[in-house]
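Subject: Structure handover and notes

Hello,

Here is the structure for you to take over. My notes on it come after the entry.

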Amino acid sequence: MNEKFLDQECIVCKEKFNEADDIVVCPDCGTPYHRDCWNIEKRCVNDELHASGGVWTKSEKGGTADPQTENDLRCIRCGKENQPGQMFCSECGMPLNSNRNSERPFNNYGNSNGFNQNQGAAGTGFNNSQNDGFFSSNQNGFNQQGTDGFNFGGAGVQMVKLTKDSDINGIKLGDFFEYAGHKSMMIANFVRFAKSNVRISINIGALFFPEYYFFYRKMNKTGALFLALSFLLMIPNLIYAGQSGAYGMVFFTMPFNLDSNAFVIIYNICSVISTVINVLAGVYANYWYYKRAREDILKIRSDCVDQQLPESEAVMRIQKTGGTSWATVICVIVGELVLSLGLMLLLAVIF
């Protein structure tokens with residue numbers, strides 16, 4: 001916990017913060033809350049501070065701090081307390097004596113992509129400023145190397161620093177990393193989904209192989225749904241292949257002509273529907289995964305609090321619930337091949 005919150009008072013429950021407390025802060029005014037208190041209110045209740053355009057500052061006597069004036073030097077973006085006379089925040093570079101009543105850059109993005117890596121750059125712009133050596137990639141402007149010190153910002157503004165304890169729509173950023181994996185580029189999408197109204201992104205794996213991708217991400221119910229749809233829509237293709245000899249031999253002869261208008265129409269309709277489903281999965285898979293991750297993490301955290309389990313147990317459960325499973329993908333592929341072959345043999349017996 002940040003030491004500046006120690007012995008300060010939560011504005012909701014009026015209890016003082018201690019070192020063991022899980023604390024989140026309002027991204028606009030910086031007022032600290034117990035995470036449970038924030039989840040109850042669902043918003044910052046420091047209306048007086050919001051109305052004045054000020055930001056929260058530590059009270060030397062403890063309790064709830066008084067609002068800062070416009071001349072105070074606590075950064076409205078990252079909360080860094082700066083020395084009097086500074087023009088820019090030493091942490092994130094935000095001007096300290098201007099634009100205090102303007103919309104906060106933390107919650108407002110400058111383009112449809114959500115984030116820019118720097119002024120004028122394209123892509124997500126989600127960047128990790130620490131060189132911890134976990135991962136590094138420049139795809140879509142994403143540069144991530146660990147879980148300490150993440151920066152992002154909109155067009156024309158400097159980046160905002162995030163840490164593993166940053167609150168992302170009620171979830172710690174570190175929990176998302178434990179769920180998706182420290183090397184996962186999915187985290188940039190998670191932050192973008194949480195901080196903007198964007199719901200669409202591109203997932204190449206889900207675009208071409210949606211059922212396999214969802215099983216890979218342990219979204220088994222969604223994977224089963226897409227697998228069932230994929231198999232049903234593939235039946236006309238199996239009939240055509242089994243009767244036309246596309247597999248090197250004719251398995252059966254159906255009591256209709258493959259060149260008939262009815263069969264051609266059904267075949268084309270199934271192909272179009274299959275394409276639409278794949279495109280739908282390709283553009284929404286990342287958002288569905290974000291929603292699933294958020295639901296799982298909230299449930300795990302709630303269960304661990306109820307059962308009074310240690311933090312290490314909560315992290316272990318998050319890692320186990322999330323992650324990926326190639327074993328499931330292989331089983332699904334084998335099962336789909338067996339099912340397809342079984343249908344072909346069944347048609348061969350009948351016809």
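Predicted model: local features only at pLDDT ≥ 70, side-chain atom pairs only at ≥ 80, totals over all residues.

Residues are numbered from 1 along each chain as its sequence is written, and side-chain values use heavy atoms, with hydrogens and water left out.

Whole chain

The protein chain has 10 helices and seven strands; these are DSSP runs numbered from the N terminus, with helices being H or I of at least four residues and strands E of at least two. Of its 351 residues, 44% are buried (under 20% relative accessible area, with exposed over 50% and partly exposed in between; 1.4 Å probe, protein chains only). The chain exposes about 18,400 Å², of which carbon and sulfur atoms supply 55% (Shrake-Rupley method with a 1.4 Å probe; for residues, only the protein chains shown count as cover). Among contacts with a separation of 6 or more, 51% come from residues 24 or more positions apart, a contact being heavy atoms within 4.5 Å.

Helix packing

Axes here are lines fitted to C-alpha atoms, for helices over the stretch in contact, and angles run from 0 to 180 degrees between N-to-C directions. Angles under 35 degrees count as roughly parallel, over 145 as roughly antiparallel, 65 to 115 as roughly perpendicular and the rest as oblique.

- α8 with helix α9 (residues 311–321): the angle is about 150 degrees and the axes are 10 Å apart, so the two are roughly antiparallel. The contact involves Asp296, Ile297, Ile300, Arg301, Asp303 and Cys304 of α8, and Glu311, Ala314, Arg317, Ile318 and Thr321 of α9.
- Helix α3 (residues 173–180) with α9: the angle is about 45 degrees, with axes 6 Å apart, which makes α3 oblique to α9. Asp175, Glu178 and Tyr179 of α3 meet Val315, Ile318, Gln319 and Thr321 of α9.
- α3 with α8: the angle is about 110 degrees and the axes are 10 Å apart, so α3 is roughly perpendicular to α8. On the α3 side the contact is made by Asp175, Phe176, Tyr179 and Ala180; the α8 side includes Tyr289, Tyr290 and Ile297.

Aromatic rings

There are 21 aromatic pairs in the structure. Rings of Phe, Tyr and Trp (its six-membered ring) pair if their centres lie within 6.5 Å; planes under 30 degrees apart count as stacked, over 60 as edge-to-face and the rest as tilted. One of the pairs is Phe193 with Tyr287, edge-to-face at 5.3 Å centre to centre and 85 degrees between the planes. This pair links distant parts of the chain, since Phe193 is in helix α4 (residues 186–195) and Tyr287 in helix α8 (residues 261–306), 94 residues apart. Phe193 and Tyr287 are both buried. Ring pairs also join them into a cluster with Phe176, Tyr179, Phe190, Tyr289 and Tyr290.

Two single residues

Tyr267 sits in helix α8 and is partly exposed, at a relative accessible area of 27%. Leaving aside residues up to four places away in sequence, Tyr267 touches Pro236, Asn237 and Tyr240.

Glu41 belongs to helix α1 (residues 35–41) and is partly exposed at 33% relative accessibility. Its C-alpha atom is separated by 8.4 Å from that of Val12, 29 residues apart along the chain.

Regards
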